[in-house]
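I am opening my notebook on a new structure, and I want to keep a careful record of what I look up. Each entry takes up one part of the chain.

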Amino acid sequence: MSRLVVLGGAESGVGAAVLAKKEGFDVFLSDNGKIAEKYVETLKKWDIKYEEGGHTDELILNADEVVKSPGIPSEAPMVCRLREQGTHVISEIEFASRYDSAKKICVTGSNGKTTTTSLIYYLLQNAGLNVGLGGNIGRSYAYQVATEHFDYYVLEISSFQLDDVYEFKPDIAIITNITPDHLDRYDHKMENYVAAKFKITQNLTSDDCFIFDSDDDITIGHLNNIILRCKMLPFSQKKELTQGAFVRDDKMVIRYEEDETDLYLKELALGGKHNIYNSMAAALAAKATGIDNAVIRDSLATFQPIEHRLEPVLSIKDVLYINDSKATNVDSAWYALECQKKPVVWIVGGKDKGNDYSVLNDLVKEKVKAIVCLGVDNSKIHAAFEGMVDKMVDTSSAEEAVKAAASLAERGDVVLLSPCCASFDLFTSYEDRGRKFKEAVRNL
């Protein structure tokens, strides 16, 4: 019996452990921190041995293979020791794909991947397909492979998940865009981050599709230096394409093989220039899956915004509060500010990831009237934007931030939580940050 050790006891790790147990491995899970009670219950239900609060060498270093949760850096001491002794370290999606014969539509990118993934899932559901949703969104992919049966999966995949894939292969791979993000995990080298994203394409064959933003210079720059043998489906808002999706006049046009369909941009359920890109990527994935044009048009017109991504919360005293907690990098916040038409009180801050805020300067000067900093250390926010707005205040909780924003906002304004940063200084996740923001708004 092969011994499989899982490092990390959250959604990804526990899912991998359950699948390993089902497939007959001698499985052991180890977490350096505390495992949440809901995951402890799952491990006990499946009779999986585990430890928390530290790693025991003799229980880990004897593994035949190790599944590493994406949140654990490759430089972690235990991971380095495993690799030094020649132990194969893989990701959950690599492990789960060995036991899954479903068609896989996989989405990565710096921005828009959650919205695009959710849109594709919605499209496939509306087409009546038996489809699961997972990866970096929703339930663990491995856990679903262990406990359910789907004909299709739509998977959101982060660069951290792609770091440890070798044979994993999507049927349709999508890169929404690539902008600087998580550079602290990639030796602060953009080329390392780009290479990690492009690992989603490394095993594509002539039967597979690659969907990408041909307006994105970083994507195209890397694409020009590699050879892919799959079907290429670009999307663009700047030029007409012979194959792919593009904007012509006031319509989004989708060309796939011999077929062409279109719909008015004003019919799209999601507003903003960035969401046109997301909608084009989703539409191309649907076409490549064989979904009817009528279903595509109807789905793109009826999709509801996802939680924590430009999510309207409430309008109080004619001030609209928007939860964009998922904006954990500069580019996401740029899109959020760009699509605002009213004066903005901007709630920003958190755990900085090596951000360059200067690309936001013009938007801040044009649209932002006040800044509410929400973080343990707000010095970089102050250094970046001091003097550009009339008022800047520091806060250290969602409740405090919302009260400060409410005092600064006037009728007709927007209070926008779009933090630019990771959430881990004050919150357990961007979801936790978004929900506490919404709760604070409702308590005003």
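**Entry on helix 9.** I began by looking up what covers the buried residues of helix 9, and I found that the cover includes strand 6 (103-108), helix 6 (113-126), helix 8 (159-162), strand 9 (172-175) and helix 10 (217-223). The helices (H or I, at least four residues) and strands (E, at least two) are DSSP runs, numbered from the N terminus. The buried residues of helix 9 (residues 190-197) are Tyr-193, Val-194, Ala-196 and Lys-197, where buried means under 20% relative accessible area, exposed means over 50% and partly exposed lies in between (1.4 Å probe, protein chains only). These residues are on the same side of helix 9 because they cover an arc of only 160° around the axis, the arc being that of the directions from the helix axis to the C-beta atoms.

**Entry on the source.** I note that this is a predicted model, in which local features need pLDDT of at least 70 and side-chain atom pairs count only at pLDDT 80 or more, while totals for chains, interfaces and linings use all residues. Residues are numbered from 1 along each chain as its sequence is written, and side-chain values use heavy atoms, with hydrogens and water left out.

I then followed an open sheet of nine strands, whose order is 7-8-6-9-10-11-12-13-14 with mixed pairing; two strands count as paired if DSSP finds at least two bridges between them. Strand 7 (131-135) and strand 14 (259-264) are the edge strands, each pairing on one side only. On average, neighbouring strands of this sheet are turned by 20° against each other, direction ignored. The axes behind such angles are lines fitted to C-alpha atoms, for helices over the stretch in contact, and the angles run from 0 to 180 degrees between N-to-C directions.

At one end of the order I looked at strand 13 (residues 251-256) and strand 14, which run antiparallel and are joined by six bridges; Met-252 has Leu-263 in strand 14 as its bridge partner. Helix 6 lies across strand 6, strand 7, strand 8 (152-156) and strand 9, and runs at about 165° to strand 8.

**Entry on Ala-245.** I picked out Ala-245, which is found in strand 12 (residues 244-248), and asked myself which residues Ala-245 touches, not counting residues up to four places away in sequence. They are Pro-234, Phe-235, Ser-236, Val-253, Ile-254, Met-280 and Leu-284, with contact meaning heavy atoms within 4.5 Å. Ala-245 is buried, because its relative accessible area is 0%.

**Entry on aromatic rings.** I counted rings of Phe, Tyr and Trp (its six-membered ring) as a pair if their centres lie within 6.5 Å, with planes under 30 degrees apart called stacked, over 60 edge-to-face and the rest tilted. By this rule the count comes to 10 aromatic pairs. Among them is the edge-to-face pair of Phe-95 and Tyr-99, at 5.4 Å centre to centre with 70° between the planes. Phe-95 is buried at a relative accessible area of 0%, whereas Tyr-99 is partly exposed at 30%. Another is the tilted pair of Phe-235 and Tyr-277, at 6.0 Å centre to centre with 55° between the planes. This pair links distant parts of the chain, with Phe-235 in strand 11 (residues 231-236) and Tyr-277 in helix 11 (residues 273-289), 42 residues apart. Phe-235 is buried at a relative accessible area of 1%, and Tyr-277 counts as buried at 10%. I also noted that Phe-25, Phe-95 and Tyr-99 form one aromatic cluster.

Strand 17 (residues 344-348) and strand 20 (residues 414-417) pair in the parallel sense over four bridges, and Val-344 stands opposite Val-414 in strand 20.
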